[in-house]
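Hi everyone, thanks for coming. Have a look at it first, and then we'll go through it together.

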Amino acid sequence: MEPATDATDAGAGATARIARLLTRADEVRKAAPIRSDAEVVRGQLAELLAEARSLLDEVVDEHLRLELAGGIARRVADLDQEEIAAMLVGSPEVARAPTTVDDPSRVPAGQHLTPGWPVLHVGRAPSWTRDEVRLVVTGMVERRTVLSFAELQALEVVELLRDFHCVTTWSRLDNAWTGVRLRDVLALAGIRAGASHAVVSGAPAYSTNLHLDDLTRDDVLLAWAHDGAPLDREHGGPLRLVVPHLYGWKSVKWVTELRLVDRDVRGYWEERGYHDRGDPWREERFRGD
Ligand SMILES: Nc1nc2c(c(=O)[nH]1)N[C@H]1C(S)=C(S)[C@@H](COP(=O)(O)O)O[C@H]1N2
Ligand SMILES: [Mo]
C-alpha cells in the first residue's frame, strides 16, 4: 500500500474532528430539554457547529466534504427552526398592499410589488466590517483563492439597475447595485475543466446551488452598495451575491465561499423542496413546478 500523504493525513484528522464535533452537538441537543438555559445550549451548539464548519476545507475528499457540510447545515437549520417559522409568516412589509407599475410585464406571474425592501433570511445576520470580509473561491478551481474586500474592489466596478423577485411573492423594481462581476472573481481562481455548478455559501450557514451558466452572466454581481448607499447589514452587507434573473434565495447575503463542483449540489432551500434553478419567469418555485 502507498504511504498516506501529509494532505491525506490532515484530511483524515479534520474528518475525525468534525465527526466528534457533530456527535458532541447531538449530545448537547439531546440534553437540551432537561436544561433550562436554552440560550446557553443554543450558544454551545452554534460554537460546535461553527468550529466544525471551519475545519471543512481541510477535508481532502470532495464528496466526503460535501456530505459533512450537509450534516453541519442540517444541524444549524434545526437551531434556527424558530427563525424559519417567523420568516415563513413574512415580515410586515411583505404583507403590504401592492404598488403600481407602468409596465406590468416587468412583474412575473404570482408576484406583487412591495414599496419597501423586506429583510428575509434564516438565522442571525453577522456584523462584519469590510476588513473582515474573506471570500474563498475553492473546489474545482485552478488555484484556491481567498479575496479580501480591497482585492475585490480592485476588479472592474459595475453599476446595474435590476428588479428583484422573492419566491415569497414580493418583487422590488429598480434596485441599483454596485459591485464586481462574479465572473471576474471566478477568472482570478480559474475554472477547472469539468466544473459545471457552484455551491455558494453565506453566513450563518446558508448555501444555494447555481449552474455556472447562471453564475457567469454579465449582471451577476458581488455587491457592496444598493441605491447608492453601502449595503445595510440586514441586506447582506458588507458583501452579497446578486443574481437578478433568478428568485431571491439565490442571492446569498454575507457570502463567504464559492465552491465549484461537477454536479448540482442542493443548498439550504433546495434541500427543503425549492426548485434547483428558480427562474421567476417560469415560476420555478418548488421542485415539480
Ligand atoms: N446568507 C443568507 N442569504 C440569503 C438568505 C438567507 O437566509 N441567508 N435568504 C435569501 C432570500 S430567500 C432572499 S428573498 C433574499 C432577501 O434579501 P433581502 O433580505 O436583502 O431582501 O436573500 C437571500 N439570501
Ligand atoms: Mo426569498
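**A pocket and a cavity**

Let's start with the largest pocket, which has a volume of about 530 Å³. Keep in mind that this is a predicted model. In total, 27 residues line the pocket, and the closest to its centre are A50, R53, A203, P204 and A205.

Which elements give two or more residues to that lining? They are the helices α2 (38-55) and α3 (62-79), together with the strands β2 (134-139), β6 (197-202) and β11 (255-261). Helix α2 gives the most, with six residues.

Now let's turn to the ligand. Where does ligand 1 sit? The space it takes is the largest cavity. Around ligand 1 there are 19 residues, and P118, V122, H235, R240 and K253 are the closest. That shell is made up of 13 nonpolar residues, four polar ones and two charged ones.

Let's zoom in on some contacts. One oxygen atom of ligand 1 lies 2.6 Å from an N or O atom in the side chain of H235. For R240, an N or O atom of the side chain is 2.7 Å from an oxygen atom of ligand 1. With S251 the backbone takes part: a polar backbone atom there is 2.9 Å from a nitrogen atom of ligand 1.

And how much of ligand 1 does the protein bury? Taken alone, ligand 1 exposes 530 Å², and the protein buries 99% of that.

Technical notes
Residues are numbered from 1 along each chain as its sequence is written. Chains are lettered from A and ligands numbered from 1 in the order in which they are written. This is a predicted model: local features need pLDDT of at least 70, side-chain atom pairs count only at pLDDT 80 or more; totals for chains, interfaces and linings use all residues. Side-chain values use heavy atoms; hydrogens and water are left out. A residue is near a molecule or strand if one of its heavy atoms lies within 4 Å of it. A polar contact is a pair of N or O atoms within 3.5 Å; within protein, one must be able to donate a hydrogen and the other to accept it, and residues adjacent in sequence count only if both atoms are side-chain atoms. Accessible areas come from the Shrake-Rupley method with a 1.4 Å probe; for residues, only the protein chains shown count as cover. On a 1 Å grid over the protein atoms alone, a cavity is a set of points where a 1.4 Å probe fits but cannot get out, and a pocket is an open set with protein on both sides within 12 Å along at least five of seven lines; lining residues have an atom within 4 Å of a point. A molecule sits in a cavity or pocket if more than half of its atoms lie within 2 Å of its grid points. Ala, Val, Leu, Ile, Met, Phe, Trp, Tyr, Cys and Pro count as nonpolar, Asp, Glu, Lys and Arg as charged, and the others, Gly among them, as polar. Grid points are joined across faces, edges and corners, and a volume is the space filled by probe spheres set on the points. Helices (H or I, at least four residues) and strands (E, at least two) are DSSP runs, numbered from the N terminus.
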